[in-house]
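Please read the following report alongside the sequence and the coordinates.

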Amino acid sequence: MKDHRQVLRDFEAISGPIEPYAEVLKRYADRLKEWDEFFAKAFYDTLFSYGPTASVFREGERPEREEALKVWYRKVVSGEYDDAFWDWQFRKVGLSHVVRGIPNEFMLSAMSLVQRVFFHKVLEAFPSDEAVRIYGAFKHVTDAIATLIAAGYMYSYLDAVSESTGMSLKLIERHAILVARREYGKD
Ligand code: HEM
């Protein structure tokens, strides 16, 4: 499996370095952190109101989940990212959801929700030129996290297929190309 450093290297080469955006968030972090409660509520109100996502949760789990999301949100808007931060995104935010059987499309849709909620909040709270700058920074950082989530998801499934069948990753890739070619060619 690629590690978080390799995935981030690709992300930054293709989409741009994270550091300038981290600097923007650092400047506004104190105000942005105040929205943690609002964020956690908006996020889980949505996940608990849609059957396929609501069914993932155990009875009584919501308060714990909200606390974890508040911690996550505050760290993201702090703009303070070290290697442990990215490792945490890859493992805990990415792989812990694979452990709970949550599909990638749920994760990426939830990240889109996070970005949209943030966008509305930031437009309400700041003049539009500042709002655009802050949102651009938040989007870049959360896109990097979404990329880690998607990569961790795919590599854990590939490793699982490889370990359970004895097929090499190269062979699985060749099969995937055949499957994609077949599906792509369908009318
Ligand atoms: C952008 C998307 C998401 C973010 C940022 C996020 C964030 C988090 C964080 C920070 C944790 C705690 C991880 C830890 O430190 O142990 C967590 C756990 C969890 N999340 Fe999410 N989450 C996302 C999407 C979802 C979705 C879509 C679902 C359900 C449909 C979900 C269900 C859960 C569950 C069940 C756990 C507990 C995992 C365990 O058993 O350890 N999350 N999430």
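The sections below go from the whole chain to its parts.

## Model and overall fold

The model is a predicted one, in which local features need pLDDT of at least 70 and side-chain atom pairs count only at pLDDT 80 or more, while totals for chains, interfaces and linings use all residues. Residues are numbered from 1 along each chain as its sequence is written.

The chain has 9 helices and 0 strands, where helices (H or I, at least four residues) and strands (E, at least two) are DSSP runs numbered from the N terminus. Its C-alpha atoms fill a box of roughly 55 × 40 × 40 Å along the principal axes. Of the 187 residues in the chain, 21% are buried; a residue is buried if 20 or more other C-beta atoms lie within 10 Å of its own, exposed if 12 or fewer, and partly exposed in between, with C-beta atoms placed from the backbone. Among contacts with a separation of 6 or more, 77% join residues 24 or more positions apart, a contact being two residues whose C-beta atoms, placed from the backbone, lie within 7 Å.

## Helix α3

Helix α3 (residues 36-48) has 13 residues, which at 1.5 Å a residue should span 18 Å, and its end C-alpha atoms are 18 Å apart, in agreement; the expected span is 1.5 Å times one less than the number of residues. The buried residues of α3 are Phe 39, Ala 40, Phe 43 and Leu 47. They cover an arc of only 95° around the axis, so they lie on the same side of α3, the arc being that of the directions from the helix axis to the C-beta atoms.

These buried residues pack against α4 (51-54), α5 and α7, whereas the face of α3 turned away from them carries the exposed residues Glu 37 and Asp 45.

## Nonpolar core

A nonpolar core is a set of buried Ala, Val, Leu, Ile, Met, Phe, Trp, Tyr and Cys residues joined through C-beta atoms within 7 Å. The largest one has 32 residues, and those with the most contacts inside it include Leu 25, Phe 138 and Ile 149. To this core α8 gives the most, with 11 residues. Not counting residues up to four places away in sequence, Ile 149 touches Val 93, Gly 94 and Met 107.

## Ligand surroundings

The ligand is surrounded by 19 residues, the closest being Thr 53, Ala 68, Trp 72, Lys 92 and Ala 110; a residue is near a molecule if its C-beta atom, placed from the backbone, lies within 6 Å of it. The largest share of this shell, 5 residues, comes from α7. The shell divides into 13 nonpolar, 3 polar and 3 charged residues, where Ala, Val, Leu, Ile, Met, Phe, Trp, Tyr, Cys and Pro count as nonpolar, Asp, Glu, Lys and Arg as charged, and the others, Gly among them, as polar.
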